[in-house]
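I opened my notebook to look up a few things in this structure. Here is what I had on screen.

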Amino acid sequence: MPPFPPSGEYLKAIRQSSRDLRTSMGISIPHDCVKRLLLSPAFVESFPRVSKDHGLALPLNFSSHMDELNFLSVLSLLNFGSGYRVPLHDQTGRGAWDSIRALLFSMYITSAGEGDLLSAKGLRAIDATKIAGFMGISLHVERPHDKIPGVVVGELGGPLYDLVARIASVLNETGQILESNGYHNLGNFVVEALEQSRKLQSTSGNDRALDLVLEKLVRAFPAFQDMSEVNGQSIYCFKKALFLIQAINIRFGSLSPPPFPIPPTDNIPVFSDNVLPSLLVHLGVINLSSSASLSSLFPASESEENLNALLGSAPPRTKKQGSTAKSVPQGGPVVTSSQSYSLRAAAIDACELMVETARALDIDSLGNENLAWVTKITLPSLDMWIWAVAKDREDYRALPRFVDQNTVFF
């Protein structure tokens, strides 16, 4: 793992390391392809609606803002498991994000009768069996007995065993760190970081205040230390920590006054997982053709016919409106950690370039003043659009996303 970025330069490190790794890996972001997407029917017709679908509507009755902040903090900590999308759909009918939300809902509701499972003590003590039960996952598989014909024995295992073990490990480790440092729960730690950012926000600007909160989260908890080295180059993504800061802004930023100091996040880097880079490859923005180690991952994306269809208007829905029936998605290419970080770095840089391109569009030359809103898109709204439209369109849902099960970062 590389060293932490210099204090006060975490946001800069994300942007710079992503661009450096993207270019060194031979990944290109063609300007004409960026502009093509921004002006495509796929983008223009869906962005105003879909970019508001942040997935943070929480049907829970929280006792206080602090109670909700702690819930959001643990939810963000566990915002991973994308590599298990297929087996999760197969067993539960839900993807990774919805499965993690279901787990947190169960932990929160159960806490009313069994002690606070979302406290530091609760996180430290929870085990894989209880987690699997909350998620509706079976951790047992049956196999023939080695020596007795016709006898079947059960043992721990199955395609989701490692995911549940990773969730338990992250929760136990985080709970132990919190208890050792005198925090009742993760929300207490987060609000302390937000309070420490208050002075910086007034004296040094929003980015510096945001940087402080990000640094506090990353340095304190290994599950937020989303960074690595690829071919000797440091890469910093910090997806879950950035997501948490944005989630706080979404849930509390509109309150007057907000219950905690909340740095504005209009310029926060995107929360790069496997969805953003995979979809941007399919939509022609990220070009892997000149990258020796990545060019073979998404062969179907090279078809101009496929690209034209994906950039066009959404096809009519084949299922009845409101239907909850979903087919199990197909798995995508399995990648190494280095490939994963390279693709995620490309997505971070691609989104930066997309916003820069959008801001520079000459609407008058396009002859359509109704597109003026495109020049005002922000990085968080672009992130939300990519993430949400990947589920909103049936043809996008079917697109393969790369798979990395050996991570707790996305």
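My entries below go through cysteines, a helix, a hairpin and a histidine.

**Entry 1: cysteines**

I started by reminding myself that this is a predicted model. Then I went looking for disulfides: how many are there? The count comes to zero. The cut-off I needed here is 2.5 Å between the two sulfur atoms. Cys237 is in no disulfide either, as its nearest cysteine sulfur, again that of Cys351, is 12 Å away.

Cys33 has 23% relative accessibility, so I put it down as partly exposed. Cys237 has 0%, so it goes down as buried.

**Entry 2: helix α11**

Next I picked helix α11, which covers residues 186–203, 18 residues in all. From its first C-alpha to its last I get 27 Å, close to the 26 Å expected at 1.5 Å a residue. Where does α11 bend? I found the bend at Ser197, and it is about 30 degrees.

Ser197 is also one of the buried residues of this helix. Others on that list include Leu186, Phe189, Val191, Leu194 and Leu200. I then asked what covers the buried residues of α11. The cover includes four other helices: α5 (65–77), α10 (161–180), α12 (206–220) and α13 (239–252).

At the start of α11, a side-chain oxygen of Asn185 comes within 3.1 Å of the backbone nitrogen of Gly187. Gly187 itself is buried. Just after the helix, Gly205 has a positive phi of about 100 degrees.

**Entry 3: a hairpin**

Then I moved to strands β3 (residues 227–230) and β4 (residues 233–236). They run antiparallel, and four bridges join them. Which residue of β4 is the bridge partner of Glu229? I traced it to Ser234. Two residues lie between the strands of this hairpin, and Asn231 takes a positive phi near 50 degrees.

**Entry 4: His282**

Last stop: His282, which is in helix α14 (residues 275–282). Is His282 buried or exposed? At 5% relative accessibility it counts as buried, because the cut-off for that is under 20%. I then looked up what its side chain reaches, and found the backbone oxygen of Pro400 at 2.9 Å.

Note on methods:
Residues are numbered from 1 along each chain as its sequence is written. This is a predicted model: local features need pLDDT of at least 70, side-chain atom pairs count only at pLDDT 80 or more; totals for chains, interfaces and linings use all residues. Side-chain values use heavy atoms; hydrogens and water are left out. Buried means under 20% relative accessible area, exposed over 50%, partly exposed in between (1.4 Å probe, protein chains only). The expected span of a helix is 1.5 Å times one less than its number of residues. The bend at a residue is the angle between axes fitted to the seven residues ending there and the seven starting there. Contact means heavy atoms within 4.5 Å. A polar contact is a pair of N or O atoms within 3.5 Å; within protein, one must be able to donate a hydrogen and the other to accept it, and residues adjacent in sequence count only if both atoms are side-chain atoms. Two strands pair if DSSP finds at least two bridges between them.
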